[in-house]
Amino acid sequence: MRAIVLHEPKRISVEDVEDPVPKGGWIRIKVKRVGICGTDKAFYKGRYIPPKLPLIPGHEIAGIVDEAPGMEHLEGMKVTTEINVNCGECWYCKHGMPTHCPYRKTIGISIDGGMAEYVLTKPHLLHSVEDLSWEEGALVEPLAAVVEMLEMSPIKPSDRVAILGIGTIGLLSAQLIRLITPNVVAIAREDSPKRRIAEKFVDVMTLEEAREYIKQKTPEGQGFDYVVEATGSPKALDIALDLVRPRGIIAAKSTHGSQVSFNYTLMVVKEVKIIGSRCGPFEKAIDLIRSKMIDVKPLVTSTFKLSEGVKAFEKSFERGEIKVQITP
């Protein structure tokens, strides 16, 4: 099959590799759409080194079950797949935390992923996306990660929320949080080419305007109750600490792979909670897309063929891009 292969940071190519063979309880998906995630870009830049190289990246996957030995009833299903192949037997798996299984294999991160014609997964990780488009199906995974954020750190209807960053995670967060509270703004540079898309979902302001908003709209000018950090920048945590009120919450969503230095003392003095989250509940994300409560389609700004994989990665770093997807 043809696949995009990351050999080392900044060395990626489209090449012929062996077809993956489903056996031992694995099944095979014929990939129809796969997204380039911030983690994939961190791999490419060398800020985050995956456990396995060379690696076929890609974990935002939608496709058709192609081969399912012993489970032929699954064949032909239009699906997306969760990415953490857990053991099912360890303490974490038995206590409802399979994404933290120490024996897990992660599709597109520690084992080969979906930037290829075919990818292997386990049947218990499949979710039907029969009534979604391919582009929607490949955005279930990042939306599930945003759902997880709110399940770990709930927002109240009275909360004032700021979102740092207007990429995929920022704009999915904006849409989901708007279902809970109208008091949500996104913060971005005035010259950001993504603003026109972001403004379809949420009020967008500059950092200076956000600080003025705090003075005028928050009690005693103390800051936002909840700040989502989704910039992909290692410098943004300090900005989030500046914007959040004492005893507020910062939801950390960037996976840029860089070491971060921030004002630890300010965090302690303000008694701020910094909550990390990642993989989340797929069925809830699918329901949100299916019910039209969340619109993911405007976030897909470019689509490339698999043969254009190198070009797709280069495009994904342009400031105007939100989600670049690949169609094997």
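These legends describe close-up views of a predicted model.

**View 1. The open sheet of six strands.**
The strands follow the order β12-β11-β10-β13-β14-β15, and their pairing is parallel. At the edges stand β12 (203-205) and β15 (273-276); each has a single partner strand, so one side of each is left without a neighbour in the sheet. From one strand to the next, the twist averages 25°. Strand β11 (residues 184-187) and β12 run parallel and are joined by three bridges. V185 has D203 in β12 as its bridge partner. Strands of a sheet pair through backbone hydrogen bonds, either parallel or antiparallel.

**View 2. Two helices lying across the sheet.**
Helix α4 lies across β13, β14 (244-252) and β15, and runs at about 150° to β13. Helix α8 (residues 236-243) lies across β10 (161-164), β11, β13, β14 and β15. The direction of α8 is at about 145° to β14.

Helix α4 (residues 140-152) has 13 residues, which at 1.5 Å a residue should span 18 Å; the C-alpha atoms at its ends are 18 Å apart, which agrees. Of the 13 residues of α4, 10 are buried, so the helix is largely enclosed by the rest of the structure. Among the buried residues are V140, L143, V146, V147 and L150. E141 in α4 is also buried. An α-helix has 3.6 residues a turn, so residues three or four places apart point the same way.

**View 3. The hairpin of β1 and β2.**
Strand β1 (residues 2-8) and strand β2 (residues 11-16) run antiparallel, joined by six bridges. The bridge partner of E8 is R11 in β2. Two residues lie between the strands of this hairpin, and K10 takes a positive phi near 70°. In a regular strand the side chains alternate between the two faces of the sheet.

**View 4. G309 at helix α11.**
G309 lies in helix α11 (residues 309-316). It counts as buried, because its relative accessibility is 0%. Leaving aside residues up to four places away in sequence, G309 touches I4 and V14. The C-alpha atoms of G309 and A116 are separated by 9.8 Å, although the two residues are 193 residues apart along the chain.

**View 5. The aromatic pairs.**
The aromatic pairs number six. One of them is edge-to-face: W91 and Y92, at 5.2 Å centre to centre and with 85° between the planes. Y92 is partly exposed, with a relative accessible area of 34%. The pair of Y213 and F224 is stacked, at 5.3 Å centre to centre and with 10° between the planes. Y213 belongs to helix α7 (residues 207-217) and F224 to strand β13 (residues 224-229), so this pair ties together parts that are 11 residues apart in sequence. Y213 and F224 are both buried.

**View 6. Lysines over aromatic rings.**
Y44, F313 and F317 are linked into a cluster by ring pairs. K41 lies over the face of F317, 5.5 Å from the ring centre. Elsewhere, the charged end of K78 sits over the ring of W134, at 4.6 Å from its centre.

**View 7. T106 in strand β7.**
T106 is placed in strand β7 (residues 105-106). With a relative accessible area of 10%, T106 is buried. Its contacts, not counting residues up to four places away in sequence, are with I83, N84 and I111.

The peptide bond from L53 to P54 is cis, and its omega is near 0°. P54 is in the loop between α1 (38-45) and β4 (60-67). R247 is not a glycine, yet it has a positive phi of about 60°. R247 is in strand β14, and at 60% relative accessibility R247 counts as exposed. K292, another residue other than glycine, has a positive phi near 70°. K292 is in the loop between α10 (282-290) and β16 (300-305). The relative accessible area of K292 is 63%, so K292 is exposed.

Terms used:
Residues are numbered from 1 along each chain as its sequence is written. This is a predicted model: local features need pLDDT of at least 70, side-chain atom pairs count only at pLDDT 80 or more; totals for chains, interfaces and linings use all residues. Side-chain values use heavy atoms; hydrogens and water are left out. Rings of Phe, Tyr and Trp (its six-membered ring) pair if their centres lie within 6.5 Å; planes under 30 degrees apart count as stacked, over 60 as edge-to-face and the rest as tilted. Buried means under 20% relative accessible area, exposed over 50%, partly exposed in between (1.4 Å probe, protein chains only). Helices (H or I, at least four residues) and strands (E, at least two) are DSSP runs, numbered from the N terminus. A charge sits over a ring if NZ of Lys or CZ of Arg is within 6 Å of the ring centre and within 35 degrees of the ring normal. Contact means heavy atoms within 4.5 Å. The expected span of a helix is 1.5 Å times one less than its number of residues. Two strands pair if DSSP finds at least two bridges between them. Axes are lines fitted to C-alpha atoms, for helices over the stretch in contact, and angles run from 0 to 180 degrees between N-to-C directions.
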